[in-house]
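Here is a short tour of how two chains meet in one model. Please keep the view open as you read.

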Amino acid sequence: MGSVSISHLIIFIASLLVAASVAGTLIVSVEDVSSSVDQQSDSLTQQIDTDIAIISDPSSPAVYQEPEEDENGSLTLLVKNTGETTIPTDGSNLDVLVDGQYRTGIDIEVVSGGDRWSSGAVAEVTVDLDDGLTDDHRATVIVNGSQATFNFRV
Amino acid sequence: MGFSVSGSTVIILIGCLIAFSAAFTVTVDSFDRVTTAQDEHADRLLDRQNTEIEIGDVQRDDATLTVHVTNTGSTALSIDRTDLLIDGGYTHAEHTITNGDTTTDDTDLWLPGDTLAFEAESGGDSVKVVTQHGVAATADVPDADTTEAT
């Protein structure tokens, strides 16, 4: 009789351990998924809150600077933050494509006053061009998935 | 045997409850955050569609360029967030607001019907005014001897 209750006790403890490990795994997995959902919603929110517009005058000569003797040509775009978020001015969130080609060597300077590229502020985005441009071109600025395209003629 | 089943069932049930409550809180928070962002986005789009400006007249008096812009839409705009480009270059300009007979430069609100006058020292040939939502209007600057808008 005693051996029966001991084996019952062992089975009881074992079943509790198995149940606890199942419950623990379940909780950890669900927390993992929850934190991913949280991050995803964060980035989605930031994406929805970010909006930009290129306000440069396409017909003005201020957009494209010809290459000079010791300097490459460059493209200067005035980009307005029409969203709700502040965009970092170190270029970490900003990509520029010229004619579909990814460009590096981007300089961002806020020109509307203040240091921060906050909502409503305008920044001058200068892109170094290794080669001179002629004819029609298309520049695209992408920030947090929000993009603006600008067509201009040189 | 009976105790084993009910004991483990209770533990799994409690685990399920904890997991569900964690997932529920996060899901509701996330959904709420995204919905709020979408609401604000829709508001911004509506404001943009309700925004309209019209450049009235552009005058050049020696080196001073005066641009009169009227808010012909139905949204109140922020003057601080309104930009003036002269010949494609960003320009900081003095501004005054005129509503009927009243003129003031001590406000940031550009209400529907108000005329905003920018005054800048420049010899540029074209001006562009951009509102906070990105709605823009462009005009050419007439020669110094004429004062008519183009």
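Predicted model: local features only at pLDDT ≥ 70, side-chain atom pairs only at ≥ 80, totals over all residues.

Residues are numbered from 1 along each chain as its sequence is written, chains are lettered from A and ligands numbered from 1 in the order in which they are written, and side-chain values use heavy atoms, with hydrogens and water left out.

Counting contact as heavy atoms within 4.5 Å, 39 residues of chain A meet 39 residues of chain B. Together the two chains bury about 3,100 Å², with 64% of it on carbon and sulfur atoms; buried area is the accessible area (1.4 Å probe) that two parts lose on being put together, summed over both. On the chain A side, I48(A), I55(A) and D57(A) lose the most area to chain B, together 16% of what that side buries.

There are also 12 residue pairs in polar contact across this interface, both residues being at pLDDT 80 or more. A polar contact is a pair of N or O atoms within 3.5 Å; within protein, one must be able to donate a hydrogen and the other to accept it, and residues adjacent in sequence count only if both atoms are side-chain atoms. Helices (H or I, at least four residues) and strands (E, at least two) are DSSP runs, numbered from the N terminus. The largest share of that side, 22 residues, comes from α1(A).

Now for the charged pairs. A salt bridge here is a side-chain nitrogen of Lys or Arg within 4 Å of a carboxyl oxygen of Asp or Glu. Two of the bridges are listed here.

| Salt bridge | N to O distance |
|---|---|
| D51(A) and R48(B) | 3.3 Å |
| D38(A) and R33(B) | 3.0 Å |

D38(A) lies in helix α1 of chain A and R33(B) in helix α1 (residues 2–49) of chain B, so this pair joins two chains.

Two backbone angles deserve a look as well. N144(A) has a positive phi of about 50 degrees although it is not a glycine, and N144(A) sits in the loop between β8 (136–143) and β9 (146–153) of chain A. In chain B, D62(B), also not a glycine, has a positive phi near 55 degrees; its place is the loop between β1 (53–61) and β2 (64–71) of chain B.
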